[in-house]
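Here's a quick briefing to read alongside the model. Have the sequence and the 3D view open, and follow the topics below one by one.

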Amino acid sequence: LKVALFSTGDEVQAPGETLAPGHIFDSNRFTLMALIAGAGCEVMDLGIIPDDPAILRQQLAEAAADADLVLSSGGVSVGNADFIKQVLAELGQIAFWRIQMRPGRPLAFGQLGQTPF
């Protein structure tokens, strides 16, 4: 299986950079890449996508066309710049959002056309 993976958020920085005030390191994506590859899947690393609905829309559409699964880290909470839910609803459908678990409560699952997200 081919898995498209990305992190989202203007506050997310690549490891190895000097951390700017109010930013966090993009550790989830690297952990997920290792787990996905360890499961025998091909990883399409899309990097960090900024908090811009137009860019996110384009990246999700392209990822859904090229991958068997699209997986993201970030962007599904209730912040002003959390656009995943909005774009997912525009391009496909949301099956569920939020689960009763902490950490991990903001979680979205749905489909981009025929591709699970």
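Before we get going: a residue counts as buried here when its relative accessible area is under 20%, and as exposed when that area is over 50%. Bear in mind that this is a predicted model.

**The chain overall**
- The protein chain has three helices and eight strands, and along the sequence they run in the order β-β-β-α-β-α-β-α-β-β-β.
- Out of 117 residues in the protein chain, 30% are buried.
- Take the contacts between residues at least 6 apart in sequence, and 56% of them join residues at least 24 apart.
- The protein chain has an accessible surface of about 6,600 Å², with 56% of that belonging to carbon and sulfur atoms.

**Helix H2**
- H2 covers residues 53-66, and its 14 residues reach 20 Å from first C-alpha to last, close to the 20 Å expected at 1.5 Å a residue.
- At the start of H2, Asp52 brings a side-chain oxygen to within 2.9 Å of the backbone nitrogen of Ala54.

**The largest nonpolar core**
- This core has 16 residues, and the ones touching the most other members are Ala4, Phe6, Leu56, Leu60, Val70, Leu112 and Phe117.
- E1, E4, H2 and H3 each put in at least two residues, and H2 gives the most, with four.
- As a general point, nonpolar side chains in soluble globular proteins tend to be buried together.

**Helix H1**
- H1 (residues 27-38) has twelve residues and reaches 17 Å between its first and last C-alpha, close to the 16 Å expected at 1.5 Å a residue.
- Arg29, Met33 and Ile36 are the buried residues mentioned for H1. Seen down the axis, the buried residues fall within an arc of 70°, so they line one face of the helix.
- On the face turned away from that buried side, H1 carries the exposed residues Ala34, Leu35 and Gly38.
- The cover over the buried residues of H1 includes E1, E4 and E5.
- Just after H1, Gly40 takes a positive phi of about 90°.

Note on methods:
Residues are numbered from 1 along each chain as its sequence is written. This is a predicted model: local features need pLDDT of at least 70, side-chain atom pairs count only at pLDDT 80 or more; totals for chains, interfaces and linings use all residues. Side-chain values use heavy atoms; hydrogens and water are left out. The expected span of a helix is 1.5 Å times one less than its number of residues. A polar contact is a pair of N or O atoms within 3.5 Å; within protein, one must be able to donate a hydrogen and the other to accept it, and residues adjacent in sequence count only if both atoms are side-chain atoms. A nonpolar core is a set of buried Ala, Val, Leu, Ile, Met, Phe, Trp, Tyr and Cys residues joined through side-chain atoms within 4.5 Å. Buried means under 20% relative accessible area, exposed over 50%, partly exposed in between (1.4 Å probe, protein chains only). Contact means heavy atoms within 4.5 Å. Accessible areas come from the Shrake-Rupley method with a 1.4 Å probe; for residues, only the protein chains shown count as cover. The arc is that of the directions from the helix axis to the C-beta atoms.
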